[in-house]
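Hello,

Here is the structure I promised to pass on to you. Have a look at it first, and then read my notes below.

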Amino acid sequence: MHELGIAMEIAELAAARAGDQQVHRIVIEVGAFTAVLPDALAFAWEAATEDSALAGSTLEIVTVAGRGACRRCGAEQAMPAIFTRCACGGTDLAVLAGEELRIRELEVSARCA
Amino acid sequence: MCMTCGCSETPLAARFASSGNLISVDPAEHRRIRVEQDILARNTRGAERNRGWLAERRCVALNIVSSPGSGKTTLLERTIRDLASTRVITVIEGDQATANDADRIRAAGARAVQINTGTGCHLDAEMVARALPDLDPPAGSLVMIENVGNLVCPALFDLGERAKVLVASVTEGDDKPLKYPHMFRAARLILLSKIDLAPYVPFDRARFAAAVTEVNPHATIIELSATRGDHLDAWYAWLNEVSV
């Protein structure tokens, strides 16, 4: 549900950044812990951009896997879930990656006359 | 024909590519722009503005989140009545439809503004920014923002609150923290409500507490009943601490 609002926000940010250039592709990073479903976002993207200058552009979603550092022993590790137990038994991990929700890159060209 | 948009230009890049003299004057040539822009930045900026607006009035806001039916409004009604002589409380009510909750809050004696989100599943900073001047909270008051009943999306949207308070009830599953980890992780305080009903439902309070610790080791849990009045003093003490 909130994916539509996020898609509209991406479209607005991308259009502002591209100015009068044609946008072909937008690469975004979605962390595993952001509660944003990539499939729902891809579906919402079409609805959010139809009849706009971004219609037909591709939204490329790069999923960022969770990584964290244990606050007890300091070990860095993959976090398959937001609640991951460290090998030392610690349950308090500082999230290093997985909370991203950002536009990484735009692919643009000048608009043809 | 240009393969990008179908115009009749032959891309210059294509013409020069074979000779190795690639030049970048082709109108259809694609360029990559590094952006690195936070998608929720606008909401985050709005939340900071709300925080500043509240701070000028020495007001503190709390973002109350839960699934529908956990007892948020009942708890607020009771809190408003119990603290009537010591604390000014104002309320922003978020629901998809109806002004029922704002009516209940006003009947309890507090100023309230209702936001209807329509199809929206959460409140965002902009909606709260529009509601605050209408609410016009007195200096030093506590602003309770009762979010739309939903344990998923509100976790993402900062409204300008000092802390998120999650209300879960014993009539829900004791594994809720594991099912909705993002929200439980975002909350500073977790209120386990309706404990007067605990004898009648198969809710394992120790299992719930263990699940909270697993997901959010820093959260405080207070078990309470807004109808019977159990442990409300702990909740009121927390409100005093958090709004200093």
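Before the details, one term: two strands are said to pair if DSSP finds at least two bridges between them. Please also keep in mind that this is a predicted model.

Let's start where the two chains meet. In all, 28 residues of chain A are in contact with 33 residues of chain B. On the side of chain A that touches chain B, α1 (2–18), β1 (22–31) and β6 (101–109) each supply at least two residues. Which of these elements gives the most? That is β6(A), with 9 residues. Sorted by class, this side of chain A has 15 nonpolar, 6 polar and 7 charged residues.

β6(A) is also where strand pairing links the two chains: 6 bridges join β6(A) to strand β1 (residues 31–38) of chain B, and the two strands run antiparallel.

Now for chain B by itself. Chain B has an open sheet of 7 strands in the order β4-β3-β5-β2-β6-β7-β8, with parallel pairing. β4 (111–116) and β8 (220–223) of chain B each have a single partner strand, so they stand at the edges and one side of each is left without a neighbour in the sheet. From one strand to the next, the twist averages 20 degrees.

At the β4(B) edge, strand β3 (residues 89–95) of chain B pairs with β4(B) in the parallel sense over 6 bridges. There, Glu93(B) stands opposite Gln114(B) in β4(B).

Enjoy exploring, and write back with any questions!

Best wishes

Notes. Residues are numbered from 1 along each chain as its sequence is written. Chains are lettered from A and ligands numbered from 1 in the order in which they are written. This is a predicted model: local features need pLDDT of at least 70, side-chain atom pairs count only at pLDDT 80 or more; totals for chains, interfaces and linings use all residues. Two residues are in contact if their C-beta atoms, placed from the backbone, lie within 7 Å. Helices (H or I, at least four residues) and strands (E, at least two) are DSSP runs, numbered from the N terminus. Ala, Val, Leu, Ile, Met, Phe, Trp, Tyr, Cys and Pro count as nonpolar, Asp, Glu, Lys and Arg as charged, and the others, Gly among them, as polar. Axes are lines fitted to C-alpha atoms, for helices over the stretch in contact, and angles run from 0 to 180 degrees between N-to-C directions.
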